[in-house]
Amino acid sequence: MKYLFGPVYSRRLGHSLGIDLLPPKICSLNCVYCEVGPTTDLTCDRKEYVPTEEILKEIDQVLARGAAERHIDVFTLTAMGEPTLHTGLGEIIAYLKKKTDKPVAVLTNGTLFFDPKVRAELSAADIVIPSLDAARQESFDRVNQPAAAVNLEQVIEGLALFSREFRGEVWLEILLVRDMNDSLADLVALQQAVRRIHPARIQLNTVARPPMDGRARPVTREVMEQAATMLADGYDGRVEILVDFQAIEKKEIGQGKQLQATLVEDIAALLQRRPCPIEEIDKALHVQDLEMTRACVQMLVVAGRIEKKVYNDKEFYQQITV
Ligand code: SF4
């Protein structure tokens, strides 16, 4: 399938069938921690970037396999960029709600929520997970590197409006990057923004996978706990820390095995989406170590999880489909 992938298991959503609304990489932000790579089209223009009709056809194919649907807890609209830029968003959510009783979640950077049309299109979803990493302009610019048309005050107001109007749940994700948006002033500004937005949950995260920009480093466990305490003050929703600090700490002290195991799973997830040659895997996951990438690919081949295919004289690796 070109637009649907998974189901993949995630701690917060369970078995999620992903629907990718945009190809890499069209986004209104260019976050330093982005795992997809640099934004090539930095824009706030909404368009039908890929045909809605084709996405709906793939949804029909999945739903036709009734057995497969039983292993899906949630349909998640996402993108290798910002999904609300796709003008078919509302139609796709409405279609899923008509065809299935599974919940629909949307992962978004929240920058377009000031647009009433975007809020209306999202209104039929069950869970919307926007992000807001900084509420101070300088930190927002540093971490999220927004398109010129993105206005931080408008973003926060859009999130607050949506949160008030929406009948489902808003889970606000905040990703903290060391020395970029984790100062006391940043946390105070975020605290004020969160009080305006009043999401059902706040989910705190940090850089846990190889980022686009090597300067993006995870915050410490102490900073994360301080942020959680500050954000919980005067807020009656749930504050959750999504990060597995043990894994990060193991990585930081250079435990190669842990790194390799993570990389193996990242490669498997990437190949679930599309076949890739070794060089592309190495680049997409920012490994910059062809030998390491090759060794991890070989582990997946030996485990019978992926296979090598030659196409136009070029070697690709792809997931084995049963
Ligand atoms: S909003 Fe998401 S896709 Fe866009 S740059 Fe940031 S992390 Fe990447």
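Which residues of helix α3 are buried?

Analyst: This is a predicted model. Helix α3 runs over residues 89-99. Its buried residues are L89, I92, I93 and L96. Viewed down the axis of α3, these buried residues fall within an arc of 100 degrees, so they line one face of the helix. An α-helix has 3.6 residues a turn, so residues three or four places apart point the same way.

Next, the partners of that face. The buried residues of α3 pack against both strands and helices. The strands are β2 (14-20), β5 (74-78) and β6 (104-108). The helices are α1 (52-64) and α4 (116-122).

Now the approach to the helix. The loop between β5 and α3 contains T87. Is T87 buried, exposed or partly exposed? T87 is partly exposed: 17 other C-beta atoms lie within 10 Å. A residue needs 20 or more such neighbours to be buried, and 12 or fewer to be exposed. Leaving aside residues up to four places away in sequence, T87 touches R46, K47 and E48. For a distance along the model, take T87 and F316. They are 229 residues apart along the chain, and their C-alpha atoms are separated by 33 Å.

Domain 1 covers 4-253 and domain 2 covers 254-322. Helix α3, at residues 89-99, therefore falls inside the 4-253 range of domain 1, given that domain bounds come from an automatic or database assignment. The C-alpha centres of domain 1 and domain 2 lie 26 Å apart.

The ligand is a separate site to look at. Around the ligand are C27, L29, N30, C31, C34, V36, T39, G81, E82 and N109. This shell divides into five nonpolar, four polar and one charged residue.

Finally, the whole chain. The protein chain has twelve helices and twelve strands. Its radius of gyration is 20 Å, close to the 20 Å that the globule rule gives for 322 residues, so the chain is as compact as a globular protein of that length. Along its principal axes, the C-alpha trace spans about 55 × 50 × 35 Å. Buried residues make up 37% of the 322 residues. Of the contacts with a separation of 6 or more, 70% join residues 24 or more positions apart.

Key: Residues are numbered from 1 along each chain as its sequence is written. This is a predicted model: local features need pLDDT of at least 70, side-chain atom pairs count only at pLDDT 80 or more; totals for chains, interfaces and linings use all residues. A residue is near a molecule or strand if its C-beta atom, placed from the backbone, lies within 6 Å of it. Ala, Val, Leu, Ile, Met, Phe, Trp, Tyr, Cys and Pro count as nonpolar, Asp, Glu, Lys and Arg as charged, and the others, Gly among them, as polar. Helices (H or I, at least four residues) and strands (E, at least two) are DSSP runs, numbered from the N terminus. The arc is that of the directions from the helix axis to the C-beta atoms. Two residues are in contact if their C-beta atoms, placed from the backbone, lie within 7 Å. The radius of gyration is taken over C-alpha atoms; the globule rule is 2.2 Å times the number of residues to the power 0.38.
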